[in-house]
Amino acid sequence: MTTDASARAIKPELLRTYTEDFNKDRANLIAADAAVSAGVLKAATDYRGVRALPRDFSIELKQGSITNQERSGRCWMFASLNTLRYELMHRWNLEDFEFSETYLFFWDAMEKSNTYLENVLRTLDEATDSRLFEAINESPADDGGWWQMFAALVNKYGLVPKSAYPESENSRNSDDFKQYLNSKLREFAAELRRRSAAGASEDELRALKDEYMGTVYRICAVALGEPPEKFDFFARTKDDAEADADGKAESCKCEDKSDAKACKCDKNKDKTGKDERPQIREIGITPLEFYKKYVPVDVNDFATLANAPLKNRPFNRRYRIRFSANVVEAGDMEFVNVPLDVFKKAALDQLTAGHPIWFACDCTQFALRKDGFFDQSVVRVDQLFGTEFTGDKAHGLEYGDSPSNHAMTFTGVNLDEDGKPNRWKVENSWGKDAGKDGYYVMSDAWFDRYVTELIIRKEYLDDATRALLTTEPVEIDPWQPLTRRCR
């Protein structure tokens, strides 16, 4: 190729041609008026596309109140907890429930800090400008993550209700907390590398790391408050329920009662104003005890499915991403890459059986955040700009145009007359003012193009996919497609 600067520059005569062509097309002038005044997304919104995505679904799960991650990158954690709280609510017949996101946020910051420093010790021979060290050093203890990070935290630390460890200013708005935590971690990394170069032994370096982790704990505790070791739990079941000996709420039945006034759900019972709904009470329960007793699913009984149609990622194989753990002893993130038909069938089977689904996608593409739509037929930027956007899923992943960057929860799907999905109901974690009361509608075509990961209960995998979970994984590097943490 020529190195002549004039050949590489934008030529004045071409600019004159560009502006002449722009101004002689009336559609360009109308589009510019609309976009300059209202912004690209509003100007590109197609009302016909909106009308083609009604917000009713043939399969729909009853979920609790909409949650809000606010100005933090905890979407993966919120989506995970929203998935589990659905199971808890319906197991114990509760009107609503929310786990403490801050509790896991505290331990995630601790564990990521420890893993970062361990990764520094693993790569002492790497130059600081090597691709591997740059990937490790990019965001030592950032907010982002995946389901498997969530599962590792739950396995080690359990869960608590929000009342036991509520939100704080630094969990709602995490930038300042994480900025200075990461700065301190990088200082620690530099000192570990300096001590190593000066001849310090591995035992000496690890002892220094343990000392550093004391500072990390202090930073986390100051920013978020210390997490509870034990707590009290209180909840009331729905009006039409009784609690059995184990605290489980069951539908109240009066037909076998000889004395109608003895039935708690008798509508004719004298009203006193006292709340007589059955109670669940726990005094001094630990987070692990709470998880094991009250959450009716095991976080280890899920698998990560990906649909990444890349030439260098053949389908029907298991993959492991190097240096992707948050809890160092839990191991790195893994996924099974499957074709779209297998991917989608697993989602449909799980929703049809009455269970929500954690998923990851690129939430920025052809999306209306305020109005709650994910669909290329709604956001017609092709018409606005007069050019088609033809990249497919493989292109979006390979060129970094549409990586996974946000996790949410599927809580419904609509099936057409042939039993095929045409739209999906999405529970988000951006509060009730985003979308329609916190929910979004996604077209099936958008699902095919931009949804890249699903967390599926192993019982809803087909036999061939389930068998892949025990095969030897192919290791991939932490800068390749499908390695970006959801925020």
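Guide: The largest pocket has a volume of about 1,000 Å³. This is a predicted model, in which local features need pLDDT of at least 70 and side-chain atom pairs count only at pLDDT 80 or more, while totals for chains, interfaces and linings use all residues. Residues are numbered from 1 along each chain as its sequence is written, and side-chain values use heavy atoms, with hydrogens and water left out.

A pocket is found on a 1 Å grid over the protein atoms alone, as an open set of points where a 1.4 Å probe fits, with protein on both sides within 12 Å along at least five of seven lines; lining residues have an atom within 4 Å of a point. The points are joined across faces, edges and corners, and the volume is the space filled by probe spheres set on them.

The lining of the largest pocket comprises 45 residues, and those nearest its centre are Ser139, Asp142, Thr483, Arg484 and Arg485. Two or more residues come from each of helix H7 (101–122), helix H8 (131–137) and strand S10 (367–368). Helices (H or I, at least four residues) and strands (E, at least two) are DSSP runs, numbered from the N terminus. H7 gives the most to this lining, with four residues. By class, the lining of the largest pocket holds 20 nonpolar, 15 polar and ten charged residues. Here Ala, Val, Leu, Ile, Met, Phe, Trp, Tyr, Cys and Pro count as nonpolar, Asp, Glu, Lys and Arg as charged, and the others, Gly among them, as polar.

The second largest pocket holds about 530 Å³ of space. It is lined by 27 residues, of which Gln148, Asn300, Phe302, Asp332 and Glu334 are the closest to its centre. Helix H9 (147–157), strand S6 (302–306) and strand S8 (334–337) each give two or more residues to this lining, and H9 gives the most, with seven. The lining of the second largest pocket divides into 14 nonpolar, seven polar and six charged residues.

We turn now to the charged pairs. Side chains of opposite charge can pair when their charged atoms come close. A salt bridge is counted when a side-chain nitrogen of Lys or Arg lies within 4 Å of a carboxyl oxygen of Asp or Glu, and the whole structure has 38 of them.

Glutamate 427 is buried, with a relative accessible area of 1%, and arginine 85 is buried, with 1%; buried means under 20%, exposed over 50%, and partly exposed in between (1.4 Å probe, protein chains only).

Another salt bridge, at 3.5 Å from N to O, joins glutamate 87 and arginine 457. Glutamate 87 belongs to helix H6 and arginine 457 to strand S15 (residues 451–457), 370 residues apart. Glutamate 87 is buried at 11%, and arginine 457 is buried at 12%.

Arginine 236 and aspartate 275 also meet in a salt bridge, at 3.3 Å from N to O. Arginine 236 is partly exposed, with 23% relative accessibility, and aspartate 275 is partly exposed, with 31%. Finally, salt bridges that share partners join Glu118, Glu202, Arg206, Lys209 and Asp210 into one network.
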